[in-house]
Amino acid sequence: MKSVYFDSAATTAIDPEVKEAMIAAMDSYGNPSSTHNIGRKSKIIIERVRKGIAQQLNCQPGEIFFTSGGTEADNMAILCAVRDLGVTRIISSPIEHHAVGHTAEFLRDHNNVELIYLEVDELGQPDLDQLESLLKEDTPTLVSLMHANNELGNILDIERVGAMCRENNAWFHSDTVQTVGHRPIDLETLPVDFITCAAHKIHGPKGAGFLYVRSSVKIHSMIMGGGQERSMRAGTENIIGIAGLGKAIELAYKNLDHDRAYMLDLKKYAVERVQKDFPFISFNGLSADPEKSLFTVLSLRLPKNDKTDLILFSLDMKGIGVSGGSACNSGSSKGSHVIEAINKNNESLVSLRLSFSKYNTKEELDYFFECLAQILEMELENA
Ligand SMILES: Cc1ncc(COP(=O)(O)O)c(C=O)c1O
């Protein structure tokens, strides 16, 4: 059976060059905290990666803290902002990843933090006028809005949000898990205090990522029990994962222009095929707009019926891996909170997310559309 993977926003295949870098790092078994030469070898790997990432994102190496991925980095930014910066209010949106939403809700329920979710429209755009007027109130605030939505692909104008936060003395955290490596990020000019990264979204390993904390923002460790990461994240470092993360970021930025053009072409082709052959399918959010959405994500909206109800299963039977909404919530069969938030008319719908990587081809898309037509029991013109 064919195997076609269109779920790269959930996770990506490891790049062979990343694998090589990780295998090489396996030889450095020393504990990076040890003072002897064997330990120092491991330390050097870690610091090289930190420096490479800092160069790429135009920040200081000391502003990068390695974590176990996006979830930990999001948790750390939000929990530590409340604990260490005196934040009493979080302004976010109902369409954030649960790594943000559940953390903010925990702080609301257990730490008396005020939590305000901005209104989002039917395209999934948060109301930035509402944000602006809320920020005028004199309350120590953390704004947490994601750079790109993992389910819809929508890209936020983070320059504008960051400028508003700066002007009103609010801290700004942006979950950039879906954009690091897919878009250039210049942290010297971008007015943001915290950003996050997960290596496995860019052909790196699972369980490795980082939190960027602007040097002027003074927070302490969330995980305690050791002085690693300059006392900001206890625990012996995941050297192999960090080596993979470093290589993944290096490759993502080295090949960005080429890979972006390639995937944008795939996505445009998919949009055209949907519009031509499946006129009853529409797009969620800004997904079909190449300027305002990730080139990696295309979110389809299908009418709900007995065939579309089983669509993920039926596609899986044909060897096609896609997701409905989000796959980040392992084992969960609950509907997507993102789709629910933008489904203003309570339509009966089924959502299907195709997410692309540099390894996908148009032939795979043709196979997907052929299978989709079979499942929906329709004839394709010129098939
Ligand atoms: C936007 C976003 N934030 C956070 C995460 C969590 O990252 P991780 O899987 O590395 O914990 C994901 C995906 O899993 C994501 O898509």
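**Entry 1: Arg-50**

I began with Arg-50, which, leaving aside its neighbours within four places in sequence, is in contact with Pro-61 and Ile-64; two residues are in contact if their C-beta atoms, placed from the backbone, lie within 7 Å. I noted for myself that this is a predicted model, in which local features need pLDDT of at least 70 and side-chain atom pairs count only at pLDDT 80 or more, while totals for chains, interfaces and linings use all residues. I also noted that residues are numbered from 1 along each chain as its sequence is written.

I found Arg-50 in helix α2, where helices (H or I, at least four residues) and strands (E, at least two) are DSSP runs, numbered from the N terminus. Is Arg-50 buried or exposed? I counted 21 other C-beta atoms within 10 Å, so Arg-50 is buried; the cut-offs are 20 or more other C-beta atoms within 10 Å for buried, 12 or fewer for exposed, and in between for partly exposed, with C-beta atoms placed from the backbone. I then looked up Ala-243, which is 193 residues from Arg-50 in sequence and 9.7 Å from Arg-50 in space, C-alpha to C-alpha.

**Entry 2: α2 and α8**

I read first that two packed helices are described by the angle between their axes and the distance between the axes. For helix α2 (residues 37-57) and helix α8 (residues 239-254), I found axes that come within 9 Å and cross at roughly 30°; axes are lines fitted to C-alpha atoms, for helices over the stretch in contact, and angles run from 0 to 180 degrees between N-to-C directions. That angle makes α2 roughly parallel to α8, since angles under 35 degrees count as roughly parallel, over 145 as roughly antiparallel, 65 to 115 as roughly perpendicular and the rest as oblique.

I noted that α2 passes α8 in a left-handed crossing, a term used if the near helix is turned anticlockwise from the far one by less than a right angle, and right-handed if clockwise. Among the residues that make this contact I listed Ile-45, Val-49 and Ile-53 of α2, and Ile-242, Leu-245 and Ile-249 of α8. By class, the contact of α2 with α8 has 10 nonpolar, four polar and two charged residues, where Ala, Val, Leu, Ile, Met, Phe, Trp, Tyr, Cys and Pro count as nonpolar, Asp, Glu, Lys and Arg as charged, and the others, Gly among them, as polar.

**Entry 3: α9 and α12**

How do α9 and α12 cross, and at what angle? I found that the axes of helix α9 (residues 256-277) and helix α12 (residues 362-375) come within 10 Å and cross at roughly 25°, which makes α9 roughly parallel to α12. The crossing of α9 past α12 is right-handed. The contact is made by Leu-266, Tyr-269, Ala-270, Arg-273 and Asp-277 of α9, with Lys-362, Leu-365 and Phe-369 on the α12 side, and its residues comprise five nonpolar, no polar and three charged.

Leaving aside its neighbours within four places in sequence, Arg-273 is in contact with Leu-365 and Phe-369.

**Entry 4: α5 and α6**

I looked up helix α5 (residues 128-135), which packs with α6 at an angle of about 15°, the axes being 10 Å apart; α5 and α6 are therefore roughly parallel to each other. I recorded a right-handed crossing for α5 passing α6. Here Leu-128, Leu-131, Glu-132 and Leu-135 in α5 meet Arg-160, Val-161, Met-164 and Cys-165 in α6.

**Entry 5: positive phi**

I reminded myself that most residues other than glycine have a negative phi. Asn-169, in the loop between α6 (158-167) and β6 (171-174), has a positive phi of about 55° although it is not a glycine. Asn-169 is exposed, because 10 other C-beta atoms lie within 10 Å. I found that Glu-377, in the segment after α12, has a positive phi of about 55° and is not a glycine; with 7 C-beta neighbours inside 10 Å, Glu-377 counts as exposed.

**Entry 6: the ligand**

Which of the 14 residues around the ligand come nearest? I found Gly-69, Gly-70, Thr-71, Asn-150 and Ala-198, where a residue is near a molecule if its C-beta atom, placed from the backbone, lies within 6 Å of it. Helix α3 (residues 70-85) gives the most to this shell, with three residues.
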